[in-house]
Number of protein chains: 2
Amino acid sequence: MELQHETQGNWHVALGGVTLPRGFKAAGVHCGIKKSRPDLALIVSEKLAQAAGVFTTNLVKAAPVLVTMEHLKTGCAGAIVVNSGNANACTGETGIKHARIMAAETAYALGISPGDVLVSSTGVIGKTLPIQKVSEGIRMAASKLSPEGSSDAARAILTTDSVIKEISVTGQICKGNVSIGGICKGSGMIHPNMATMLAFITTDVAITPVMLKKALVQSVNESFNMITVDGDTSTNDMVIVMANGLAGNAVIDEDGPDFQEFCEGLRMVTTSLAKMIVKDGEGATKFVEVRVQGAKTAEDARCIAKTVASSNLVKTAVFGADPNWGRIMAALGRAGVDLDPDLIDVYIGDVLVVRSGIANNVNNTCTCGKSKDPLVAARKVLAEQNIEITIDLNAGSSSAAAWTCDLTYDYVKINASYTT
Amino acid sequence: MELQHETQGNWHVALGGVTLPRGFKAAGVHCGIKKSRPDLALIVSEKLAQAAGVFTTNLVKAAPVLVTMEHLKTGCAGAIVVNSGNANACTGETGIKHARIMAAETAYALGISPGDVLVSSTGVIGKTLPIQKVSEGIRMAASKLSPEGSSDAARAILTTDSVIKEISVTGQICKGNVSIGGICKGSGMIHPNMATMLAFITTDVAITPVMLKKALVQSVNESFNMITVDGDTSTNDMVIVMANGLAGNAVIDEDGPDFQEFCEGLRMVTTSLAKMIVKDGEGATKFVEVRVQGAKTAEDARCIAKTVASSNLVKTAVFGADPNWGRIMAALGRAGVDLDPDLIDVYIGDVLVVRSGIANNVNNTCTCGKSKDPLVAARKVLAEQNIEITIDLNAGSSSAAAWTCDLTYDYVKINASYTT
């Protein structure tokens, strides 16, 4: 699994995924919701863990989301059961019953309480879950739980994804070794309104549920929420973190150096997963980072970065390697953020294409002594696979980044015939 | 020009476009901004007219938008000059100077004041306007003004549009004949954030500037704003109406039967033009009307209709004739409107696919006696060219409609290589 920065501060990438942290096992099996690919995953902590979740803001919430929100009220959990191929959304009372059966079957197989099982589903909306098959799958997965099972679980939660998405890191908190691992799925053109995004994170850190939730919300805001637009979430989106405390560090129960250290590791995990989702965007051929700097507030910067990153016109221009920076200006102007267009600089890669709100027509002189037309140079940047667009508002000192991919023929192809 | 309803209440479709109302002339010429297609239009009233405008909410506003907003402060105007092929946006002080020159050249050619000329541009952002060519074009157009010039003007304002968009209606207000005509351009995937939308409307009704503005805002909210998402506007969008009073009716200066009558005619014009934009959507093969009924408020209904109509996933499903109603449910759930999913019915055409928030699995019995699977029937509806999606919230008595087209391969193709 590609990762640009193998080390960030105190944290290092290590193999193992959600089963790297002590005391976690996982499994992924095929139970028959899909024709042949794996479609049921279990992630289990040997010790009841502190747990926190972030859920879709969509008012149409799938049954597993409702059941998991209810089960998380205690702030702890022992297992996560996930099926793919069927969202169990818009399925009414039957759907709720099925989500409860999934929790009960998992609890029975593991010898824990149903209220300590979190349930998640992804796939087609509006179809009745084949609960018999799912129940058999749960028993099968429970018998296959393994401390090397992360990749199997990661594979079993995929839908239109083309690669599994898995990351884990280790670091030190108060001189003790702590690990954090995560798996996720999602590829639908990046907006989770376009396809469900699920992420499951495990860690052996010792932390209170309140601080765990706080860390999760912060890291989701700077990662998964930067590949989406506020409120644009599917019926099934969820991000769950379980912390079983087996690292043996002094319990993190307030803000401070230990908490900040944990947040940095968690952000490394969630940001890596978020970028993997973008890189696996449906039909995507290019990865785009939109950086906004010089903003008055971080919220302003995030809002503009997300608006530009989610513009269909910007995304198609990137696909066509067309340095049409007018589309970037038009998108940022409608972000709902107070700004002065006349102060704005825009770079495509390191090429300044907009200076103080208007076209930069000053040719750059490259080292070879030849002058280069900025649009010619920008077109070259856009022909590459990894593209950075930088917007400097020159109005403050806050910054943010959002990630997206290009919009291609294949996106339309994939989405014109997905289900039924 | 196709139009479903040739008569609405007191109003009838008639030929003539913006030159149908008494005292208006128009012209469209090629001045050389584009290679060979017409690119400059004039619309002129022989008598100074009351005028009102609605403009882009984008903070990055093109120079002609800023100049026209300034000129409209008097509430009257004598002419509109429009160029296509160049947006004169993100062009700084030079752009403002060029927009003022366009007004001055037009005023000089017509013998009116520059402050009575409204200026509009559409095309590529960030390029300097070839003002010499534009000035020559204005003189040429002024010499070609004609009471049959509407179609020429309509043609000269187009960019990626594939057809001209023109409509005019006549009706009676207080026993006098009144006409209203309009032309517009816009095809960019319907969101005006995707491409500039311009509309110019003329009428010979006698009305005060305040009531004219009120009528315009109302009709735009129910027409052009229903093919967009709030705030998603380009740098150049504008809708202008000029009313020269030559119909000789008693001046409309307050709300009442005459005002309502005028609003109905104006709405017929703006709704027709808005639908033409959708039907000419970039790469579009199908026309979709999203109707929301049973809402608590009209604003709720509008908001849901627009959110569903602008969902990429719904639009690709329509392209693929895939009755994937889960995408409709997911889209309406994130509209930001308080609703109860369990009350919602969804129809594709006249096929009930969602009943009380879940799949309608009850087969319909058709007249031939054979039962029909709702999904099979819905797929048939989606294979047609004109599609109605109806969402009944069963929570009130307000309703609204939004219009969109499908999202196709050709949309990507057109937008992957537009400019530079």
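This is a predicted model: local features need pLDDT of at least 70, side-chain atom pairs count only at pLDDT 80 or more; totals for chains, interfaces and linings use all residues.
What radius of gyration does chain A have, and what would a compact globule with 420 residues have?

Figure 1. Chain A has a radius of gyration of 22 Å, and a compact globule with 420 residues would have one near 22 Å, so the two values agree. Along the principal axes, the C-alpha atoms of chain A fill a box of roughly 70 × 55 × 40 Å. Chain A contains 11 helices and 18 strands. Of its 420 residues, 64% count as buried. Among contacts in chain A between residues at least 6 apart in sequence, 80% join residues at least 24 apart.

**Figure 2. The two assigned domains of chain A.** The domain assignment places residues 7–279 of chain A in domain 1 and residues 287–416 in domain 2. Between the C-alpha centres of domain 1 and domain 2 of chain A the distance is 33 Å.

Figure 3. Glu264(A) counts as partly exposed because 17 other C-beta atoms lie within 10 Å, a number between the limits of 12 or fewer for exposed and 20 or more for buried. Apart from neighbours within four places in sequence, Glu264(A) is in contact with Gln8(A), Gly9(A), Asn10(A) and Trp11(A). Ser311(A) is 47 residues from Glu264(A) in sequence, and their C-alpha atoms are 30 Å apart in space.

**Figure 4. An open six-stranded sheet in chain B.** The strand order is β14-β13-β12-β17-β11-β18, and the pairing is mixed. Strands β14 (358–359) and β18 (398–405) of chain B form the edges, each pairing on one side only. Helix α10 (residues 374–382) of chain B packs on this sheet, where it touches β12 (345–348), β13 (351–355) and β17 of chain B. The direction of α10 makes about 125° with that of β13(B).

**Figure 5. The pairing of β11 with β17 in chain B.** Strand β11 (residues 287–295) and strand β17 (residues 386–392) of chain B run parallel and are joined by seven bridges. Within this pair, Val292(B) stands opposite Ile391(B) of β17(B).

**Figure 6. Helix α8 of chain B and the residue after it.** Helix α8 (residues 312–319) of chain B is mostly covered, with eight of its eight residues buried. These buried residues are Asn312(B), Leu313(B), Val314(B), Lys315(B), Thr316(B), Ala317(B), Val318(B) and Phe319(B). Following α8(B) is Ala321(B), which has a positive phi, near 50°.

Key. Residues are numbered from 1 along each chain as its sequence is written. Chains are lettered from A and ligands numbered from 1 in the order in which they are written. Two strands pair if DSSP finds at least two bridges between them. Helices (H or I, at least four residues) and strands (E, at least two) are DSSP runs, numbered from the N terminus. Two residues are in contact if their C-beta atoms, placed from the backbone, lie within 7 Å. Axes are lines fitted to C-alpha atoms, for helices over the stretch in contact, and angles run from 0 to 180 degrees between N-to-C directions. Domain bounds come from an automatic or database domain assignment. The radius of gyration is taken over C-alpha atoms; the globule rule is 2.2 Å times the number of residues to the power 0.38.
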